[in-house]
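Reader: I would like a close look at one part of this protein, with the strands taken one by one. Please keep to what can be read from the model.

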Amino acid sequence: MDRVPSPILLDNVRCGGTESSLSYCQANWGTHNCDHSEDVGVDCSLNIRLVNGTRPSEGRLEVFYNNTWGTVCDDDFDSLDARVVCRMLGSTGNLITAAAKHGATYGQGTGPVLLDDVRCDGTESSLSYCQANWGTHNCGHSEDVGVHCISGFNIRLVNGSRPSQGRLEVFYNNTWGTVCDDDFNSSAAIVVCRMLGFTGNQFATAALSSATYGQGKGQIWLDDVKCNGTESNLFNCQANNWGVGNCNHGEDVGVDCNTSCPLGSYSVNCSKQCNCRLGPCDGVTGACENGGCKDGWTGIACNENCPLGSYSVNCSKQCHCRLGPCDGITGACGNGGCKDGWTGIACNKSCLNGSWGEGCNRQCGRCQRPGICNPRTGECPGTCEPGYQTTRLCDTRKMLYLNTQIHVKCIKGISCLNGSWGDGCNRQCGRCQRPGICNPRTGECPGTCEPGYQTTLNCDTPCLNGMWGEGCNRQCGRCQGNTLCDKRTGECPGACEPGYQTTRSCDTPCLNGNWGDGCNRQCGRCQRPGICNPRTGECPGTCEPGYQTTHFCDIPCLNGRWGVGCNRQCGQCQGNTLCDKRTGECPGACEPGYQTTRLCDTPCLNGMWGEGCNRQCGRCQGNTLCDKRTGECPGACEPGYQTTRLCDTPCLNGNWGDGCNRQCGRCQRPGLCNPRTGECPGTCEPGYQTTRFCDTPCLNGRWDEGCNRQCGRCQGNTLCDKRTGECPGACEPGYQTTRLCDTYCPLGSYSVNCSKQCHCRLGPCDGVTGACGNGGCKDGWTGIACNESCPFGRYGVNCSKQCHCRVGPCDGVTGACGNGGCKDEWRGMACNEKCGGVLTDPIGVITSPNFPYDYNNNERCTWVINAPEGSRINVNITDFAMEYHVQCRHDYLEIFNGPNFDSSSIGKFCGTAPPDGFKSQTHSVSIFFFTDAVSSARGFNLTYTFSIQAKEDTKKSRTIIKIAASSGGGLLMIVTITIIACACKGRKKRKRDPNAVQLNELQSSNSPQEWHENNRVNVEGLPDDDNYDVIGPCEELVNDERKCDGQGQTNYSDFELYENDFRG
């Protein structure tokens, strides 16, 4: 039948939000205009987060409501509410320690204040179950609450013989204390060892009770600790609340993290085996972790074979073998095959398609419902088909009897009865699984043999060599006297060997600390309870304390003796009672004159009195001793104590001095000063100077205990809180917004709240301006704070390199261009290499492709340098290395004194000697670079300048600009400028424009047009005369930045240009 859809019961539901049930809301019951695609859903979960903290476990509390994050007001919000928050964020166990931080400790939030007046009892799983006002409040963001989840505590092992063992102590409330051994087991010990860093596959633990490593002192912090062994910290285990318990230090627990057994073993001397699927087993009990047992094993320690008829992980699957057990891993059955009605490798699949019997090897008879018979017996569930006799199997046709005599010929084996077979039925069937049912012709059993007989065709050979069971597949147990067991049942004819339980098969060792014939005796008090030799009962090591050292450890200590080997004498117990034979403890009080200790063996000392010396003398004047019986002082009391009989009541309510007439200062613990002198016993409260009386507040921007800390960088140099060090407002720029304003911005950030980024090559940037140091910017960044991307066509450190991409900018670090590739005539990864071209700039650099790295083979590059009419070109080759040939036939550089190859050749050059510089005879020079297909070298670096011809009236102001060029990557750095001049009179010096590009900033390029565009400000369009100062004749320039050399040549060291230098 098709599933009937559920009805739509409600439509148009309208609630005010205050109702306790939908039954109080307006709605249409049973009437609607919807289908199931409009079924409504509800999400009751509450999302929270902690923000603006220094780690994930602390921060300002925010909740998510109505698609908005909002804050929570700190009114009524205490540690119980904080504990619920921490539980929602993943803290487990009942030892959660949480703190509520008021007054926007983690900064003020934004948006709505969603919760106010939150009140939890600390046990809730979510703030949803606490009382609170949603959306209604009387708070501002200065009251935003914060939460600090304290998710752990420190532990240590003390008093052991090595670091991995000892008495367990935990640190809480600034004090070390012990842990009670109640419920503390190996699982809890595993958690302790994990906290201490002991890990690995050969790691086992032991929890040792009864103060094995001595009794501790002070507080017992934890009791009833329960762990499952998977926790990362005792903090996540169940335990009583801190300091709540019913123990004494005689129950201090110890832990040994170094009981290292090899994988797959445990117990004393690692003598027992375990078969865990994952990792090691417990070193004491052998218990496996969550992975369970390997296939074919079960039991606590996974060391018991699967029961008959089961296999796989934890014996969780069934098999139906005819004889014996199945394979523990695969479930495969032995020679006996499957029981009737089952098939498959593990014989756990029912017969199908009308089959039945062993391995489903027989076909159902002619049942009324074809193919539907019992898979085990083959019986039909109802009647047979017409034409077949009503038998169990419905496999016999009905016979028609005629009035004719039937002659029957005798056939061998036909109609043998009573389990006989052969000629004349003269032989008896063997021990078939079904007695007497063998083949009447051959005597073969149709299935398996009876238990106790070997699996042969006729099942007539008994089991040999102490074997028994179906197919003789099992070994006899430990029968007494090595007698053989019953071949059919495996039962021993008599008793079992000592150390084995009295069972039919004598194959179960003694358990639960028993030993002897039939395991009828109990192990003595061995050091490890119940672990004695199952045959002899002897203990493998020492006896428990309180028992004499004998083989069996079964004789208690006598005559007031106790301890290991009864080697110690009982102390002075009251009434001469005997002490505990194991621990030496007295059952009651000690005799008068002895301290109340466990052993009652320490006499009273000076200054003690009372029964068991359990009281201290009061403050008798002059340190006189009190009466040991009554505790009364023989005279007056010391100052600071009330005058009573015992002089043991100090001044109260924070008073001190004679008559308790003075008030204590601001001690760390308020009101607890020395009642005699008024001095504080420890430090002063934060915010007060460390003086004897703790009555002087911190001065000069100091804070904390003893005023030992300086206020952070509060904005406006405001002073911080003398107690907490918190700034009243924001922090100075360059400091993170923390409570103390004492943390520099992280590397790569600056400004207020460290809100801006910088990308300096070396170290941090300036916290205020973001300026980088000498290292400059990282590749691809520029600007004061190195937070501006390189301009179009620039890359590298401080954007100092050029790229010529066809489409879009290049990579800021490598200069690599995207899919658009390089502009015309440019190549290389950064598209800043060129092979040939026409150059018209007055100065320039030409390099071989890939210079200073080796040039490529089969290069053909032609450069033509064109100067203005009447000018000349000065060429200087500064670096040169090419393949050598006496006639320069392979790789060479050829220079022509003219615009093409028809001009006269100045020379063809190869090898490693740089050619001499020269000056052209015309205003054009052609340069041809040729390489063959064989070898390569570094190539060349060539610089050129124009020598501009001047007119007659300006002949004295002809100029030549000489440069020195750096060959790295084709970049040009102008070092000096020499201007040939003779008459300096009337020359005007150009004022330096703060926005002008100086000559030492000229950008080089292999493209004349690009160089011209990049450096136009340096060589063209001089400003008006108002921007120039008049300078006298050359001889008057001696004290100026330029100096005449007497030959009409003036050297400029300040890289500034003069008006006449670029005229004519």
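Reader: My request concerns strand β56: which strands does β56 pair with, and in what sense?

Author: The answer starts with the whole chain, goes on to the sheet that holds the strand, and then turns to some other parts.

The model is a predicted one. The protein has four helices and 61 strands. Of its 1064 residues, 40% are buried. Among contacts with a separation of 6 or more, 43% are between residues 24 or more positions apart.

Strand β56 covers residues 939–947, and nine of the nine are buried, so the strand is largely enclosed by the rest of the structure. Strand β56 belongs to an open sheet of four strands, ordered β49-β56-β51-β54, with antiparallel pairing. At the edges of this sheet stand β49 and β54 (918–919), each of which pairs on one side only.

On one side, β56 pairs with strand β49 (residues 843–847); the two run antiparallel and are joined by five bridges. Within this pairing, Ile 846 lies opposite Leu 942 of β56. The other partner is strand β51 (residues 872–881), also antiparallel to β56, with nine bridges between them. Here Asn 876 has Thr 943 of β56 as its bridge partner. Strand β51 in turn pairs with β54 in the antiparallel sense, through two bridges. In that pairing Asn 874 is found opposite Lys 919 of β54.

A second open sheet has five strands, in the order β48-β50-β55-β52-β53, and its pairing is mixed. The edge positions are taken by β48 (837–839) and β53 (905–909); each has a single partner strand, so one side of each is left without a neighbour in the sheet. From one strand to the next, the twist averages 15°.

Elsewhere in the chain, strand β3 (residues 47–51) and strand β4 (residues 58–65) are paired antiparallel by five bridges. One of the facing pairs is Asn 47 with Phe 64 of β4. These two strands make a hairpin with six residues between them, and Asn 52 in the turn has a positive phi of about 70°.

Burial can also be followed in a loop. Ser 751 sits between β40 (749–750) and β41 (756–757). Its relative accessibility is 12%, which is why Ser 751 counts as buried. Apart from neighbours within four places in sequence, Ser 751 contacts Pro 733, Gly 734, Cys 745, Lys 756, Gly 767 and Val 768.

By type, the lining of the second largest pocket comprises nine nonpolar, 15 polar and seven charged residues.

Key: Residues are numbered from 1 along each chain as its sequence is written. This is a predicted model: local features need pLDDT of at least 70, side-chain atom pairs count only at pLDDT 80 or more; totals for chains, interfaces and linings use all residues. Side-chain values use heavy atoms; hydrogens and water are left out. Ala, Val, Leu, Ile, Met, Phe, Trp, Tyr, Cys and Pro count as nonpolar, Asp, Glu, Lys and Arg as charged, and the others, Gly among them, as polar. Two strands pair if DSSP finds at least two bridges between them. Axes are lines fitted to C-alpha atoms, for helices over the stretch in contact, and angles run from 0 to 180 degrees between N-to-C directions. Buried means under 20% relative accessible area, exposed over 50%, partly exposed in between (1.4 Å probe, protein chains only). Contact means heavy atoms within 4.5 Å.
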